[in-house]
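The sequence and structure come next.

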Amino acid sequence: MDQGSGAGPHRARGRLGAPSCGARAPGAPWARFSAWLECVCVVTFDLELGQALELVYPSDFQLTDKEKSSICYLSFPDSHSGCLGDTQFCFRIRQCGGQRRPWHTDDRRCDSGAPVSLQREPAHYFGYVYFRQVKDSSVKRGYFQKSLVLVSRLPFVRLFQALLSLVAPEYFDKLAPCLEAVCNEIDQWPAPVPGQTLNLPVMGVVLQVYIPSSADKPESGPPKQCSHKNLLPAPVVLTSVHELDLFRCFRPMLAHVQLLWELMLLGEPLLVLAPSPAVSSEVVLALTSCLQPLKFCCDYRPYFTVHDSEFKEFTTRTQAPPSVVLGVTNPFFIKTLQHWPHVLRIGEPKMPGDLPKQIKLKKPSRLKTLDTKPGLYTAHTTYLHRDKALLRRLLRGLQKKRPSDVQTAVLRQHLLELTQSFIIPLEHYMASLMPLPKSITPWKTPPQIHPFRQDDFLRSLERSGPQLTCLLKGDWLGLYRRFFKSPHFDGWYRQRHKEMAQKLEALHLEAICEANLEIWMQDKSEVEVVDLVLKLRERLVRAQGHQLPVKEATLKRARLYIETVVGSLPKDLQVVLCPP
């Protein structure tokens with residue numbers, strides 16, 4: 001499934017030269033484009049081949065055969081969805097064959113300042129799809145079927161959906177010339193640097209977006225957008241690059257939001273069977289966003305089909321189900337994944353207005369037929385008591401016809417506070433494992449971070465547990481014990497340990513820079529002095545690459561130290577350490 005009979009991937013932009021697998025340097029063609037997107041794909045339906053990759057743009061971007069096949073199958077709704085007209089959804093696929101485009105400095109700068117949940121994916125691609133299926137008598141099958149797909153490592157679903165809404169309808173009318181112009185415009189966009197409000201021009205429209213920063217306070221939301229006075233045309237302001245309408249996604253299951261939050265926190269396998277790829281992908285993304293600001297460390301697939309290359313891996317019965325949230329539309333999965341502990345079956349979406357009928361909790365043993373009714377099939381017993389006040393508040397909002405964005409804010413705030421109440425005791429305990437600053441001396445190896453002892457942490461909950469910030473009662477100890485076994489604890493701990501190790505390294509560098517270098521050098525051999533130069537240089541490189549939290553003044557002192565030390569060495573060593 002490589003390409004259709006029309007223009008193939010190699011014809012999209014031939015003048016870019018030979019295909020390359022390396023990084024694009026900041027000044028190279030498509031460097032700015034690749035800060036946002038990996039490539040743009042067009043998938044069409046070919047009578048002989050089925051779904052076929054018609055176009056890849058820019059043409060020098062390399063996709064493996066397995067990636068091409070996955071993009072082709074996942075860019076079309078399966079036959080059970082019956083999607084007529086235009087529909088948008090997204091998928092996520094595993095990158096094959098290792099990282100082929102090493103990141104340059106701008107990528108690392110953008111990631112270092114971004115919240116962990118919004119950093120670019122190192123091993124997966126997101127595919128943002130705009131699919132059109134309309135009657136067309138000029139086509140043999142009687143239908144025009146085509147998808148425009150934006151492939152990116154960034155989880156900016158709102159931004160890319162808005163971009164597709166502008167580009168796709170125009171592309172379906174005007175085809176390749178339109179797409180080339182759009183890609184050239186994206187190649188002029190500024191980099192997605194966290195903490196900045198950007199104006200992104202495309203097709204005569206300016207999209208104004210704020211790129212979230214790890215320094216943002218979760219409760220406050222994004223800052224006010226820039227003034228529009230000097231911009232013509234006036235920009236289309238997106239309130240978020242990534243946040244979905246959480247209330248709309250969870251409308252049929254509001255009574256079970258807390259149970260679903262627990263399943264996500266514990267990294268439990270969950271199958272989401274929805275009536276369409278649009279509903280499937282939105283619900284899966286909404287579920288994975290429940291844990292913010294905690295990073296979702298399990299695998300998830302907003303839309304998944306039987307043709308996916310990981311189908312056998314996810315459906316095997318020879319081992320326990322993997323920690324993955326799987327969004328599907330084919331009822332065949334109900335039969336195939338009967339052994340999974342949790343299945344969420346969602347019915348057809350209802351018109352906005354009154355609260356739709358809430359899905360019921362059902363036993364997994366009732367999952368034996370293909371015509372399974374909507375429901376949450378699970379044997380999980382929640383550790384925490386349900387917050388009935390939240391449901392009452394949301395129902396009251398419906399009665400008062402409160403806007404959906406306000407309802408979403410209420411729901412998001414509840415989930416944020418719940419996650420923070422759970423995480424804050426872990427953060428406090430982890431901070432206590434950091435060696436004291438006074439134990440860091442310039443000429444000795446920095447002390448080690450103390451080990452995380454689960455029993456010590458659990459004992460600390462009596463005086464500094466979640467009961468200090470959360471009114472919910474329940475078995476918090478049991479929830480933490482289960483959490484320790486989940487991929488989320490492992491991901492959280494590794495991230496915090498890495499940050500603390502970098503902080504220790506930065507404090508050690510500061511201690512060296514504040515010490516009296518001349519006194520230290522008096523009784524040191526040339527080997528020891530050269531070793532200091534090499535270590536200082538290594539840390540300087542790491543600090544300049546934003547991998548160490550070091551002040552600019554410290555960096556200047558470190559450079560001066562290196563010059564002083566090198567200048568004290570014999571000429572032959574100076575030439576080796578500082579070649580002309």
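Is Asp86 buried, partly exposed or exposed? Asp86 is partly exposed, at 36% relative accessible area. Buried means under 20% relative accessible area, exposed over 50%, and partly exposed in between (1.4 Å probe, protein chains only).

This is a predicted model: local features need pLDDT of at least 70, side-chain atom pairs count only at pLDDT 80 or more, and totals for chains, interfaces and linings use all residues. Residues are numbered from 1 along each chain as its sequence is written, and side-chain values use heavy atoms, leaving out hydrogens and water.

**Salt bridges.** The structure holds 18 salt bridges. Each is a side-chain nitrogen of Lys or Arg within 4 Å of a carboxyl oxygen of Asp or Glu. Three of them are listed here.

| Pair | Closest N to O distance |
|---|---|
| Asp86 and Arg132 | 2.9 Å |
| Asp456 and Arg459 | 2.4 Å |

Asp86 sits in strand β3 (residues 85-94) and Arg132 in strand β4 (residues 124-135), 46 residues apart. Arg132 is buried, at 15%. Glu310 and Arg301 are both buried.

Asp456 and Arg459 share helix α13 (residues 454-464), three residues apart. Helices (H or I, at least four residues) and strands (E, at least two) are DSSP runs, numbered from the N terminus. Asp456 is partly exposed at 30%, whereas Arg459 is exposed at 53%.

**Cysteines.** The whole structure has zero disulfides; a disulfide is a pair of cysteine sulfur atoms within 2.5 Å. The closest cysteine sulfur to that of Cys41 is in Cys39, 3.9 Å away, so too far for a bond. Cys41 is buried at 0% relative accessibility. Cys470 is buried too, at 12%.
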